[in-house]
Amino acid sequence: MSKVRVLGLRKRFDKTIAVDGVSFEVGDGDFVVLLGPSGCGKTTTLRCIAGLETPDEGEIYIDDRLVNDLPPKDRDIAMVFQSYALYPHMSVYDNLAFPLKMRKYPKNEIERRVKEVARLLRIEDLLERRPRQLSGGQQQRVALGRALVRNPKVWLMDEPLSNLDAKLRVYMRAELKKLQKDLKITTIYVTHDQAEAMAMADKVAVMNHGKILQYAPPNVVYEKPADLFVAGFLGSPPMNFVEADLIERDSKILLDAGIFVYQLPDEVGSVVKGKVTSNKVVLGFRPEHMILSKNKIPETFFQANLYVVEPMGSNLIVDIKAGEYLLKAIVAPTVELPPLGERVWAGFIADRLHLFDAKTELAIL
Ligand SMILES: Nc1ncnc2c1ncn2[C@@H]1O[C@H](COP(=O)(O)OP(=O)(O)O)[C@@H](O)[C@H]1O
Ligand SMILES: [Mg+2]
């Protein structure tokens with residue numbers, strides 16, 4: 001059993017507010033990802049949990065025990081960093097054994113645990129090698145093994161895969177997720193890579209400017225983003241945004257975006273009307289929810305110019321220019337398109353439309 005609870009965490013470095021009131025809970029055995037752009041406070045949050053930074057304010061609990069005043073070594077956590085920091089002069093075996101030797105485990109217990117971890121990570125054949133004789137992926141496994149070998153209560157990982165090449169990163173993230181699920185180690189994992197967060201997390205905390213903007217399972221942050229930042233940060237290519245004026249006419253709610261006027265269904269319109277703080281809104285629709293057609297069809301309601309086509313193999317990313325907007329659509333390779341520069345009809349799936357208050361940036365739909 002191990003849970004982590006962070007309450008009202010604040011940390012400032014001189015004038016920089018690195019962490020600005022962060023609270024979240026990690027359930028026993030959960031894999032939580034802190035996701036956000038560089039500088040948003042992910043590493044500082046993790047280092048506070050590890051005890052490597054002292055918070056200015058806030059409480060950190062591991063299993064209901066307040067650990068603020070415990071030194072890192074007494075928190076029963078293991079941390080994996082971006083740089084593997086293996087001891088270059090030691091064999092893989094000795095690297096794995098090191099945390100146990102430091103804690104004066106008996107020799108046979110050390111051997112048993114090192115072999116067990118090596119088997120789990122499939123590095124049994126590498127135990128006699130030195131780190132420089134290993135590939136990047138193998139080094140990373142040794143680093144993970146060293147964090148595992150003590151069987152810690154909590155795993156803290158700071159961008160542990162970001163030094164690997166793209167293919168290995170995708171491979172290792174699945175391996176790591178499988179390992180975490182098998183061992184049920186409560187894990188807090190930091191990344192700036194939204195695809196990695198989506199793929200690995202049970203819950204994602206999306207951060208910006210030292211704050212958590214949304215904390216929810218990956219499908220929820222993707223399908224129901226709480227605000228404009230979250231909506232734009234998850235998804236590749238990202239969500240399309242179009243600014244619009246909200247107009248009420250003959251008891252209908254219209255969104256006038258310049259490039260089109262979109263009428264909200266009545267029941268949706270009344271919800272939106274009750275939530276907006278002004279008549280300025282931002283429409284959001286994901287590329288995969290756009291519909292393109294060479295000729296007008298019922299689902300398309302505005303015109304654009306075909307700007308460029310990016311074939312991705314299983315689908316196409318199609319960029320279209322509508323007024324000042326460059327919108328991205330993901331469509332099947334079988335969709336019939338006009339030649340580049342010519343008119344294309346466009347629309348989006350109505351019930352996948354997101355709407356944000358332009359002033360507060362909060363989601364209203
Ligand atoms: N030791 C430090 N001294 C001064 N500023 C720091 C220190 N550590 C982090 N910061 C600043 O705090 C902010 C958050 O940093 P960090 O937690 O490393 O973000 P992230 O891991 O999300 O990229 C950044 O503006 C960073 O420059
Ligand atoms: Mg960082």
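Guide: A nonpolar core is a set of buried Ala, Val, Leu, Ile, Met, Phe, Trp, Tyr and Cys residues joined through side-chain atoms within 4.5 Å; buried means under 20% relative accessible area, exposed over 50%, partly exposed in between (1.4 Å probe, protein chains only). This model is predicted, so local features need pLDDT of at least 70 and side-chain atom pairs pLDDT 80 or more, while totals for chains, interfaces and linings use all residues. Residues are numbered from 1 along each chain as written, chains are lettered from A and ligands numbered from 1 in written order, and side-chain values use heavy atoms, without hydrogens and water.

Visitor: Which residues touch the most other members of the largest nonpolar core?
Guide: Let's look inside this core, which has 47 residues. Those touching the most other members are L96, V114, W155, L176 and Y189.

Visitor: What does L176 touch, beyond residues up to four places away in sequence?
Guide: Here, contact means heavy atoms within 4.5 Å. With those sequence neighbours set aside, the partners of L176 are L144, W155, M157, L161, Y189 and M200.

Visitor: How many residues are in the other core, which lies apart?
Guide: Its members include L255, A322, A346 and L355. The total for this other core is 35 residues.

Visitor: Is T300 buried or exposed?
Guide: T300 sits in the loop between strand 15 (290–293) and strand 16 (302–311); strands (E, at least two residues) are DSSP runs, numbered from the N terminus. Leaving out residues up to four places away in sequence, T300 touches I291, S293, W345, A346 and G347. Its relative accessible area is 0%, so T300 counts as buried.

Technical notes. Helix = DSSP H or I, 4+ residues; strand = E, 2+ residues; numbered from the N terminus.
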